[in-house]
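Me: I would like to learn how to read the features of a protein model, one at a time. Could you take me through them with care?

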Amino acid sequence: MLSKVNIRNNIIIILCFTIIVLCIGFSILSVELKKEKDADFAFLVHFENVEKASSVKGSSKEPFGKAEIINQKMGLNFDFSLSSAHDEVTFLATIKNNSDISCEIVDVVLSPDYVNSDFKKQIAPVEVTTTDLKGKVIPPKEEVEYKVTVYYMPSTLPISIKSFSFQANILAKSR
């Protein structure tokens, strides 16, 4: 009878010790998960600044170009007015990765897309060119330049003032 009591007491002691060890283990796990949850892994890719890099006059009238950062720094709004052949305006924008992780630029989407769609017929003979950043990986805290150039090409079409605007928005994903 005494040996049965000793075995039961030993089993109870082992079970109590197991419960205490499990409680300590879950407490440690809970603290680690809380630290991981509170860690600030922000994914923040945006336009840092935009400025006019150059402007070339095709005649006596200066071509007009304006750019501003919009949409919580995720987009750019461009306004242009070109009046003669060989007018050219170039803007340089800086895209910065303020994240703690690398990001990949999926695309910089233009709206309307005067570069790769039928919309470019609407502004002919003006041509819009941009830096192709598709697939560009930006390490944390690094920057990349985005260039937009608008050029009034010489053509046989009658010369008229071409005024138009468009937006450029960043599409990015984490790496």
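The dialogue below takes up the pocket, the salt bridges, the backbone and the cysteines in turn.

Me: What should I know about the model before I start?

Reply: This is a predicted model, in which local features need pLDDT of at least 70 and side-chain atom pairs count only at pLDDT 80 or more, while totals for chains, interfaces and linings use all residues. Residues are numbered from 1 along each chain as its sequence is written, and side-chain values use heavy atoms, with hydrogens and water left out.

Me: How much space lies in the largest pocket, and which residues lie nearest its centre?

Reply: Rolling a probe the size of a water molecule over the atoms shows where empty space is left. On a 1 Å grid over the protein atoms alone, a pocket is an open set of points where a 1.4 Å probe fits, with protein on both sides within 12 Å along at least five of seven lines, and lining residues have an atom within 4 Å of a point. Here the largest pocket holds about 210 Å³ of space, a volume being the space filled by probe spheres set on grid points that are joined across faces, edges and corners. Its lining is made up of 13 residues, and those nearest the centre are Asp 107, Val 108, Asn 116, Thr 130 and Lys 134.

Me: Which strand gives the largest share of that lining?

Reply: Strands are DSSP runs of E with at least two residues, and helices are runs of H or I with at least four, numbered from the N terminus. Strand β5 (residues 103–111) supplies the largest share, with 4 residues.

Me: How many salt bridges are there, and where are they?

Reply: A salt bridge is a side-chain nitrogen of Lys or Arg within 4 Å of a carboxyl oxygen of Asp or Glu, and by this rule there are 2 salt bridges. In one of them, Asp 107 pairs with Lys 134, with the closest N and O atoms 4.0 Å apart. Because Asp 107 lies in strand β5 and Lys 134 in the loop between β6 (126–130) and β7 (137–138), the pair ties together parts that are 27 residues apart in sequence. Another joins the side chains of Lys 35 and Glu 32, at 3.7 Å from N to O; these residues are 3 apart in helix α1 (residues 2–38), so about one helical turn separates them.

Me: Where are the cis peptide bonds, and what is omega at each?

Reply: Ser 111 and Pro 112 are joined by a cis peptide bond with omega of about -10 degrees, and Ala 124 and Pro 125 by another with omega of about 5 degrees. Pro 112 lies in the loop between β5 and β6, where Pro 125 is also found.

Me: What is phi at Asn 71 and at His 86?

Reply: Asn 71, although not a glycine, has a positive phi of about 55 degrees, and it is found in the loop between β2 (64–70) and β3 (75–82). His 86, also a residue other than glycine, has a positive phi near 75 degrees.

Me: How many disulfides are there?

Reply: A disulfide is a covalent bond between the sulfur atoms of two cysteines. Counting pairs of cysteine sulfur atoms within 2.5 Å gives 0 disulfides. Cys 23 is in no disulfide, since the nearest cysteine sulfur, that of Cys 16, is 11 Å away.
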